[in-house]
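Here is a short briefing to read alongside the model. Please keep the sequence and the 3D view open as you go.

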Amino acid sequence: MLRGFYTAAAGILVQERTLDVLTNNMANARTPGFRASRVVTTSFEHELLTRIEGANTGRIGKGVPMRRVDDVLVKFDPNSLEETGRPYDMALDGVGYFNIQGEDGTQYLTRNGAFDVDENNFLVLPGVGQVLGQEGPIELTTSDFTVEYDGTIYDALGEEIGKLLLTIPPEGTEIDQTTNGLFTVADMAANLPVDATTQVAQKWLERNNIDLNQEYTMVISAQRAFQACSSALQIIDKIDQKAASQIAAL
């Protein structure tokens, strides 16, 4: 019965993690540029199954008693842009990320361009930190500014205010998703500048890639699998208790 316990318990843990990831996707259904995640599962090592008959043993194959969470992967597929008319909103048409200096000192990458200004007139991603330019945080003393396709920001008189720091991690770099569409990499200094094919669109925001209908369907499926594993665990426990009581009665 121990194998049954482990199998059912492993199923509960997998579905619990799956539900956490799916509900986080749904919670960010209105976050611009957010990328949905998916749980990837794999099996534990195969165990060798043998049959013992008297003094002879025979191999009858391999079995996989349980599964586990192997990784949580992010769907980086491209998305369309939506016009907002708001001067602080910006979107990236192409590959790459905005760079944000978090309030905790951590530097983040994001596709979320729903920016604003703080009380010190710095361009910020609300709740996260300051938007970085190529020479540090960008300070805006006016709301009358223009952002060119290459990320250069000009005031109403045509004077350059700064240029957005737009980068992309080198190919093969592991990108970790944190919260609310923020990403980190181990070595931010190794990130490369984007090329001319990536353009900044002012007064636009990038849509996220969350399909709520699909997320709802997957949540229902995960909930039913969770309930099935939970019921199986209870049944196995009752069988084990009954077997123990009957053996004790003998």
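What percentage of the 250 residues of the protein chain count as buried? The share is 34%, where buried means under 20% relative accessible area, exposed over 50% and partly exposed in between, with a 1.4 Å probe and protein chains only. This is a predicted model, in which local features need pLDDT of at least 70, side-chain atom pairs count only at pLDDT 80 or more, and totals for chains, interfaces and linings use all residues. Residues are numbered from 1 along each chain as its sequence is written, and side-chain values use heavy atoms, with hydrogens and water left out.

**Overall make-up**
- The protein chain holds two helices and 21 strands; these are DSSP runs numbered from the N terminus, with helices (H or I) of at least four residues and strands (E) of at least two.
- Taking contacts as heavy atoms within 4.5 Å, 64% of those between residues at least 6 apart in sequence join residues at least 24 apart.
- About 14,900 Å² of the protein chain is accessible surface, and carbon and sulfur atoms account for 50% of that; the areas come from the Shrake-Rupley method with a 1.4 Å probe.

**A hairpin to look at**
- Strand E14 (residues 152–155) pairs with strand E15 (residues 160–163) in the antiparallel sense over three bridges; pairing requires at least two bridges found by DSSP.
- Across this pairing, tyrosine 154 stands opposite glutamate 160 in E15.
- Four residues lie between E14 and E15 in the hairpin, and glycine 158 in the turn has a positive phi of about 85 degrees.

- Most residues other than glycine have a negative phi.
- Asparagine 180 has a positive phi of about 50 degrees; it sits in the loop between strand E17 (176–177) and strand E18 (182–184) and is partly exposed at 46% relative accessible area.
- Lysine 203 has a positive phi of about 70 degrees; it lies in the loop between strand E20 (199–202) and strand E21 (204–206) and is partly exposed at 37%.

**Aromatic pairs**
- There are four aromatic pairs, counted when ring centres of Phe, Tyr and Trp (its six-membered ring) lie within 6.5 Å; planes under 30 degrees apart are stacked, over 60 edge-to-face and the rest tilted.
- One of them is the tilted pair of phenylalanine 76 and phenylalanine 183, at 5.6 Å centre to centre and 40 degrees between the planes.
- This pair links distant parts of the chain, 107 residues apart: phenylalanine 76 is in the loop between strand E4 (67–74) and strand E5 (81–83), and phenylalanine 183 is in strand E18.
- Phenylalanine 76 is partly exposed at 39% relative accessibility, whereas phenylalanine 183 is buried at 0%.
- Phe76, Tyr97 and Phe183 make up one aromatic cluster.
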